[in-house]
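Here is a short briefing on charged side-chain pairs. Start with the structure itself.

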Amino acid sequence: MDSLRGQGGIQMLLTAEQEAGRIVSAARTAKLARMKQAKDEAEKEMEEYRCRLEEEYQTQVSGADQEAAAKQLDEETDARIQNLKESGSKVSKEIVKMLIKYVTTTGA
């Protein structure tokens with residue numbers, strides 16, 4: 001009888017182990033499915049956010065920002081032209097003196 005009882009106990013343990021293995025396997029599968037779903041949702045949200053940012057950027061680039069950029073570029077260009085004119089007027093006096101000196105000096 002003890003041998004039958006021992007056989008039954010071992011069989012119960014094996015059955016319980018198999019059932020525990022199925023439960024763990026099902027839990028792993030469910031966890032992987034939840035992780036995949038979370039990843040897919042996160043990727044979808046990222047793509048929506050990226051599209052929204054791109055749309056905002058395109059809106060900013062066109063329209064009013066183009067006018068502001070053109071105005072700023074004109075101001076910078078005018079400032080550079082004025083700077084070049086001032087530099088040229090300072091140097092031109094020295095160049096004229098140098099040219100007169102070389103033209104009037106005879107090399108003998």
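Arginine 50 is partly exposed, at 49% relative accessibility. The model is predicted. Arginine 50 pairs with glutamate 47 in a salt bridge, and the structure holds three salt bridges.

**Arginine 50 and glutamate 47**
- The closest N and O atoms of this salt bridge are 2.9 Å apart.
- Glutamate 47 has a relative accessible area of 39%, so it counts as partly exposed.
- Both residues lie in helix 1, three residues apart, which means about one helical turn separates arginine 50 from glutamate 47.

**Arginine 22 and glutamate 19**
- A salt bridge joins the side chains of arginine 22 and glutamate 19, with an N to O distance of 2.7 Å.
- Helix 1 spans residues 2-61 and holds both partners.
- Arginine 22 and glutamate 19 are three residues apart, so about one helical turn lies between them.
- Arginine 22 is partly exposed at 48% relative accessibility.
- Glutamate 19 is partly exposed too. Its relative accessible area is 37%.

**Lysine 36 and aspartate 40**
- The side chains of lysine 36 and aspartate 40 form a salt bridge at 3.2 Å, N to O.
- Lysine 36 and aspartate 40 sit four residues apart in helix 1, about one turn of the helix.
- Is lysine 36 buried or exposed? Lysine 36 is exposed, with a relative accessible area of 54%. The cut-off for exposed is over 50%.
- Aspartate 40 is partly exposed, at 35% relative accessibility.

Terms used
Residues are numbered from 1 along each chain as its sequence is written. This is a predicted model: local features need pLDDT of at least 70, side-chain atom pairs count only at pLDDT 80 or more; totals for chains, interfaces and linings use all residues. Side-chain values use heavy atoms; hydrogens and water are left out. A salt bridge is a side-chain nitrogen of Lys or Arg within 4 Å of a carboxyl oxygen of Asp or Glu. Helices (H or I, at least four residues) and strands (E, at least two) are DSSP runs, numbered from the N terminus. Buried means under 20% relative accessible area, exposed over 50%, partly exposed in between (1.4 Å probe, protein chains only).
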